Amino acid sequence: MSAVKKIDFHIHTVSTVSDREFEFSINTLQSYVEQACLDAIAITNHNIFDKEQFLEIKSSVQAKVFPGIEIDVEGTHILLISEDNELGDFKSKCDQISMHIPDSCSSISLDTLREVFPDLSKYLLIPHYKKHPAIQSVTLERLGDLVYAGEVSGPKKFVHAIRDESSLVPLFFSDLRIEEQLKIFPSRQTFVDVGEITLESLKIAFKDRKKVFLSREDGHKFFNLLGNKLTLSTGLNVMLGERSTGKSYTLNLINDEFSTEDMNVKYIRQFSLLQKDEDDEREFSNRLKTSQARITEDYLKEFAVAVEGMKDVNRDKLDKALDKFMSSLLKHASESHRRDSFANAKLFTESAFSLNNLDSLKKMISSVVTIVENVEFQDIVDKHVSKESLRGLAVALILEYERQKENELKKSYINDIIEDIKEGLKLHTSATTISEIDLFDLMMDFKRIEKFNELCQHIKVEREFKRQEVSGFFKVARRSSFQNAKDVGAVLARKLSYASAFEFYHADGYSYLRELRKIDSLRETDYYKLFVKIDYEILNSNGFPVSGGERSEYRLLQEISDANEYDLLLIDEPESSFDNMFLFSRVNKLIKDLSGSMPVVLVTHNSTVGASIQPDFLVYTAREYVEGKVAYKLYTGHPGDKILKSRDGEVTKNHKVLLDCLEAGSEPYKERKERYEILKDR
Amino acid sequence: MKYLRIDSGKGYFSLNEKDWHELDSINKGDLLHIVSSGLENGFEMDDPKVGLIQNKAHEIIYHKLHGKLLELNEQRTRFRDESESLYKEALEKYRTT
């Protein structure tokens, strides 16, 4: 792999409107290139190319320097990198980009990019791929063969993309702002197997996923960090060392380096999951409720729709409408002896037609069309009903819809005419007008109230509605009725008084909803959450509520499972809080599985964790005194290696490290072994 | 079930087909009862032919209610379909019996 070159093609040297303020330092850039042993870099500032500065950089650093620009295009950022032989032309094109994108809110379309750079194939294009703001697939499709490599934000995403043949070839760069204050350089670079460093040869290499790597010697199995002072496996790393040899210190450094805008670290600190105080149970329960908010929302989805459906239903208004109709009818009838010719006109007492919204018919048409168009279950449908019949049914229903719709339009038109005539007649008579009423709508609203009340009765009955096994525990979700207004108040974060409304809670759903509506600051979208109490509980494998210790175990397993969403998992001495059986049977497997898809660093003193978990790589920390000062030294190697090596070439015996750190030395280990043998033979 | 009847030039209503009351004594509770029950069981009413009801007040009320209930009778199937689909998904999900 002698041809492997180390490159960083995403470097900022100008503070633009899209950056925080910084002052470029050529000395810092020189140090970075030197310390990181970079063979090539690209200068890629936001929507700008500073030719003078580029020439200064080119003449000052010991690496090949490519001119480039990072352009805001259609919601993503694209690095456009050029050969350095046509700087004048490149500068004028970049100036056009600067004019198109004057502020941090602007961006250009792909068409504009093509107008400015008519021959995009001359350049190397690297979009943000698995990095924010990521390129959209539609933009990627439109760019076609012009893009074959994309930038990723961390080793985890790099490894995923390398393994996935359908993905772009991943590239990992620093995205650094080069400034005076920058003292510790990140290890975010890419190794590429290329002979000569030219844009053309790099473009060829970037088309081949076998030619890019995370580390110089070990491909994608390892990545560099801590300013290239440490190499770790992209799988499971176990960090060993006696007390006060810098294990937590090293974890903190890793955490700092990887907690960036683009990368997230899950750091499970020592003792962080232990039971803390008497409120632990309540806090655990509250946290559980918060973390399960999505399940609650999903469970109450249909109920939320029902509450929304009650929005325009008002029982008082219905009563009033009926009352008005009846009293006006009776009054009109009682005045029959003194009716004039205007009031005697038939249309004066004529009712408006009741209108049908044809919803049922619309639903039927939609259902039939869904069956006709469905591809997934076409075989089953074909066995029972022919496509022909279904199409015929759809056409017949659509024709019926058109017929009825025409009829409804006619009725609506006639209603307008009747209304108009009645208004005219009213002007000339003193007879009482009969109030309008739509008995269909009125009765439907009463039905709605009845059904809603029925629904509220059902939902308040206590039920377990979800039981899910989670790493040997059972997560149980239950619904029940609220016991008091305080319980209701605990549902939402906002402190409001529910005392008046709660008086109607056990009466009927409609009345309770009516009272909730009277609470000024309560949002309509929250009403549905206040009808039923949802609780979550974690049960142990025997189905009993968890103890304090089991709560901690559950939390650890959850934290580890959640780590899937992160780029790196750091765990500091899980054995401090848990017993060996739990660690061996539950935790080890989970960590091992997780390390198949992301880098994990596990600090331990425990042989159950350290030795049984079969790590991919070992890191041994040692404390040394150099010129009166404490220095932490890191030795690394594979678990099967005889020796572990430090960066400066020192070695230590792996076997001794394992026995000292995990078994408290070879003598105690021997003694323990003998004791177990005696017990076993008894 | 029969709700409106014409007898001896007057209009009558009933909630149970046994007790018949003169139409000018009907109130909103009675109408609500007739409508609710009729939507379930169908509406039966005497046809108000011209000149059959001599009492003018009864004639007006009868004609109005007859028209309204007749229209509702035609929509009974639609009412049943629509009311059955009300909160159907929610009731199926949260039902306890």
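**Contact between the chains**

In this predicted model, 38 residues of chain B are in contact with 51 residues of chain A. Between them, chain B and chain A bury about 4000 Å², and carbon and sulfur atoms account for 66% of that area. On the side of chain B, the residues that lose the most area to chain A are Lys64(B), Tyr87(B) and Tyr94(B); together they make up 20% of what that side buries.

**Polar and charged pairs**

The rule finds 13 residue pairs in polar contact across the interface of chain B and chain A, with both residues of each pair at pLDDT 80 or more. Two salt bridges are counted between chain B and chain A. A salt bridge joins the side chains of Lys93(B) and Glu302(A), with an N to O distance of 2.7 Å.

**Elements and composition on the side of chain B**

Four helices of chain B each give two or more residues to the side that touches chain A: H1 (28-41), H2 (56-74), H3 (76-84) and H4 (88-94). Of the elements, H2(B) gives the most, with 10 residues. By class, the side of chain B that touches chain A comprises 18 nonpolar, seven polar and 13 charged residues.

**Domains of chain A**

The domain assignment divides chain A into four entries: domain 1 (4-220), domain 2 (247-264 + 566-681), domain 3 (281-304 + 454-539) and domain 4 (336-431). The C-alpha centres of domain 3 and domain 4 of chain A are 40 Å apart.

Note on methods: Residues are numbered from 1 along each chain as its sequence is written. Chains are lettered from A and ligands numbered from 1 in the order in which they are written. This is a predicted model: local features need pLDDT of at least 70, side-chain atom pairs count only at pLDDT 80 or more; totals for chains, interfaces and linings use all residues. Side-chain values use heavy atoms; hydrogens and water are left out. Domain bounds come from an automatic or database domain assignment. Contact means heavy atoms within 4.5 Å. Buried area is the accessible area (1.4 Å probe) that two parts lose on being put together, summed over both. A salt bridge is a side-chain nitrogen of Lys or Arg within 4 Å of a carboxyl oxygen of Asp or Glu. A polar contact is a pair of N or O atoms within 3.5 Å; within protein, one must be able to donate a hydrogen and the other to accept it, and residues adjacent in sequence count only if both atoms are side-chain atoms. Ala, Val, Leu, Ile, Met, Phe, Trp, Tyr, Cys and Pro count as nonpolar, Asp, Glu, Lys and Arg as charged, and the others, Gly among them, as polar.
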